[in-house]
Amino acid sequence: MTRLCKAASLPDAHILRGLLEQEGIEVHVFNENAQSGVGQLPVTEALPERWVEEESDWQQAREVVRRFEASPRIDTTLRCGACGEDNPGNFQVCWNCG
């Protein structure tokens, strides 16, 4: 296993894990519960980390991370045309009905 990168937040870590798994790259998220230790641990040591299972996938994984980090952040909501549920503007699929 090879460390890929740290995440700004736990949700970001899992969103990116999902994107990487869609590319066929197996990823693990570590330090999921370490943020409760901030104050006893340095903040940078408590950030979630993403690790790639296969070292041969590391370059492809870095490219996925680069695209994710370069994507614009959207703070609006979008209403799903199928079920009417409000979703964050950066969701590509409705969380309620898929």
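**Helix faces and ring contacts**

Visitor: Which residues of α3 are buried?

Guide: Happy to start there! This is a predicted model, where local features need pLDDT of at least 70, side-chain atom pairs count only at 80 or more, and totals for chains, interfaces and linings use all residues. Residues are numbered from 1 along each chain as its sequence is written, and side-chain values use heavy atoms, leaving out hydrogens and water. With buried meaning under 20% relative accessible area, exposed over 50% and partly exposed in between (1.4 Å probe, protein chains only), the buried residues of α3 are Ala61, Val64, Val65 and Phe68.

Visitor: How far apart are the end C-alpha atoms of α3?

Guide: Helices are DSSP runs (H or I, at least four residues) and strands are E runs of at least two, numbered from the N terminus. The expected span is 1.5 Å times one less than the number of residues. For the 13 residues of α3 (residues 58-70) that gives 18 Å, and the end C-alpha atoms agree, at 18 Å.

Visitor: What kind of aromatic pair do Phe30 and Trp51 form?

Guide: Phe30 in strand β2 and Trp51 in strand β3 are 21 residues apart. Phe, Tyr and Trp rings (six-membered for Trp) pair with centres within 6.5 Å, with planes under 30 degrees apart stacked, over 60 edge-to-face and the rest tilted. Here the centres are 5.9 Å apart and the planes at 75°, so the pair is edge-to-face.
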